[in-house]
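Subject: Structure handover

Hello,

Here is the structure you are taking over. Please open it first; my notes on it follow.

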Amino acid sequence: MKAILTVATAIGLPMTSVNADTPAGKPNEGLMMEQHEKNIEVCTQNLVAIGKAIEAYQKEHGDFPEWLSELHPKYLADANTLICPADEEGGKTIFSLNTDPKMPVSYGYQFHPEYREEKNTQREMYGDVIPLVRCRHHENEDFGCLNLSFSSKIYKSFGVWESRLEDLYGSDEATITALEGALARHPDNQRFSNLYGQLGRLYIKTENEQAADAIIKRFQSVMEPDLPGYRMLFGMLDEMERYEDMLEAFKVAEQQHPDAEPILWRLAYIYRKLGNTELADVYDRKADPTYELIGKPVPDFSAIDLDGNPISLQEYRGKVVLLDFWAVWCGFCINEMPNLKRVYDTYKDQGFDIIGVSLDDEASELREYIKENDLQWRQIYSGERWKDDPLAQQYNITGVPSQWLIDADGKLITHKARGEKLEQLVVEALKGKSASQ
């Protein structure tokens, strides 16, 4: 255990113990925290051992393994090293794409065949500080992943490491130096254009407004006038709250891409920031034709639910119903699910119901999630995502979650019934339902 503590302390992981003075009634909380920290310690030691095994593999083969299972048993004698102690399923990655084909492995290997091209590009941009092996089994409010980098460094980061590169490099200053160096080496490579946005954010964070202005001008001089280019410019200007400059740039963008929804909804955002709600509403409707359905009858559908029974919107007439387009793979959908359950449980006996429309790929994962989370409302599943799913096509769904709240007469109240707003709208709709009865 002493060796484990040394490793954990060296990389700055939290080291605490159960306090003998813990208030009565909270012993479990202390024990859980202690177990959480022990899991991190053991996982850290596992990652150190995996890093050494990869180095040994490279020396012999001149390349990285295709999967971590190739390290066992020659380079990694103990197969348990590939199991994180916090992995309650004993060898399963959080993302199915990272599932090792040969043996149970808890860790997400970032250089398997599906990722190699992308990761080689990222190594060109950021160097070998990027994650090679990731563990998401300790995810909490403090961090998303424990990582082993290509350079054998261990560190904590957000789940999406690109969103805060400081975790990888160790400081804002080191990150700025690394990104400026990458741009200097590849000044004309469009693949590196996202580095401008990262630098802009860091210069603003470090209160270097002059450098932030300069990086925006540099980006505008090299950016392609396409949607990714304007998305990057929008992010940089929004970070600095330069809405007048944004408006000027996106008026040009609208001329170049007159029907592009990403440009139109950004213009709605800009006008709203500038206080012009009338034009903001105009562009909201341009960007999303679904707005025109508000207050009008929602077209009926006929489908088969997950249990093989026919289902239609018409049979819910007389109820306030939420048509919820979602998927298990959608993090925002999963985050919203406790709110849906709470509202459903509160108002299901008052005339409120939910119809789930799953855009998942795998029925087994969907069924497992429904069972584990005790979702009581009916689900429709076609096995297709929104590009091919019949209902997603019928209702012009381009992303999830998309939650359509429909009144008792079958008219659309809103297609954005999320968060706290959902319960408020349901209560109002149920009052309207009672008044009409």
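Where is Asn396 found? Asn396 is in the loop between H14 and E10; helices (H or I, at least four residues) and strands (E, at least two) are DSSP runs numbered from the N terminus. I come back to that loop below.

Before the details, some ground rules. This is a predicted model, in which local features need pLDDT of at least 70 and side-chain atom pairs count only at pLDDT 80 or more, while totals for chains, interfaces and linings use all residues. Residues are numbered from 1 along each chain as its sequence is written, and side-chain values use heavy atoms, with hydrogens and water left out.

Overall

The protein has 15 helices and 11 strands. Its C-alpha atoms fill a box of roughly 75 × 55 × 50 Å along the principal axes. Of its 437 residues, 46% count as buried (under 20% relative accessible area, with exposed meaning over 50% and partly exposed in between; 1.4 Å probe, protein chains only). Of the contacts (heavy atoms within 4.5 Å) with a separation of 6 or more, 57% are between residues 24 or more positions apart.

Helix pairs

The axes of helix H7 (residues 209–222) and helix H8 (residues 227–239) come within 11 Å and cross at roughly 170°. Axes here are lines fitted to C-alpha atoms, for helices over the stretch in contact, and angles run from 0 to 180 degrees between N-to-C directions. H7 is therefore roughly antiparallel to H8 (over 145 degrees; under 35 is roughly parallel, 65 to 115 roughly perpendicular and the rest oblique). The crossing of H7 and H8 is left-handed, that is, the near helix is turned anticlockwise from the far one by less than a right angle, clockwise being right-handed. On the H7 side the contact is made by Ile215, Ile216, Phe219 and Gln220, and on the H8 side by Gly229, Met232, Leu233, Met236 and Leu237. By class, these are seven nonpolar, two polar and no charged residues (Ala, Val, Leu, Ile, Met, Phe, Trp, Tyr, Cys and Pro count as nonpolar, Asp, Glu, Lys and Arg as charged, and the others, Gly among them, as polar).

Helix H9 (residues 243–256) and helix H10 (residues 261–273) have axes that come within 10 Å and cross at roughly 150°, so H9 and H10 are also roughly antiparallel to each other. Their crossing is left-handed. Residues of H9 in this contact include Tyr243, Met246 and Phe250, and those of H10 include Ile263, Arg266 and Tyr269. The contact of H9 with H10 has 11 nonpolar, no polar and four charged residues.

Aromatic rings

There are 17 aromatic pairs in the whole structure. Rings of Phe, Tyr and Trp (its six-membered ring) pair if their centres lie within 6.5 Å; planes under 30 degrees apart count as stacked, over 60 as edge-to-face and the rest as tilted. Phe64 and Phe111 make an edge-to-face pair, 5.1 Å centre to centre with 70° between the planes. Phe64 is in the loop between helix H2 (27–61) and strand E1 (108–109), and Phe111, 47 residues away, is in the loop between E1 and helix H3 (116–126). Both Phe64 and Phe111 are buried.

The pair of Tyr230 and Phe250 is tilted, because the ring centres are 5.5 Å apart and the planes lie at 55°. Tyr230 in helix H8 and Phe250 in helix H9 are 20 residues apart. Tyr230 and Phe250 are both buried. Ring pairs link Tyr230, Phe234, Phe250, Trp265 and Tyr269 into a cluster.

Backbone

Most residues other than glycine have a negative phi, and most peptide bonds are trans. Asn396 has a positive phi near 55° and, at 41% relative accessibility, is partly exposed. Asp374, in the loop between helix H13 (363–373) and strand E9 (378–381), has a positive phi of about 55°.

Two peptide bonds to mention are cis: His72 to Pro73, with omega near 5°, and Val400 to Pro401, with omega near 0°. Pro73 is in the loop between H2 and E1. Pro401 is in the loop between helix H14 (390–394) and strand E10 (402–406).

Regards
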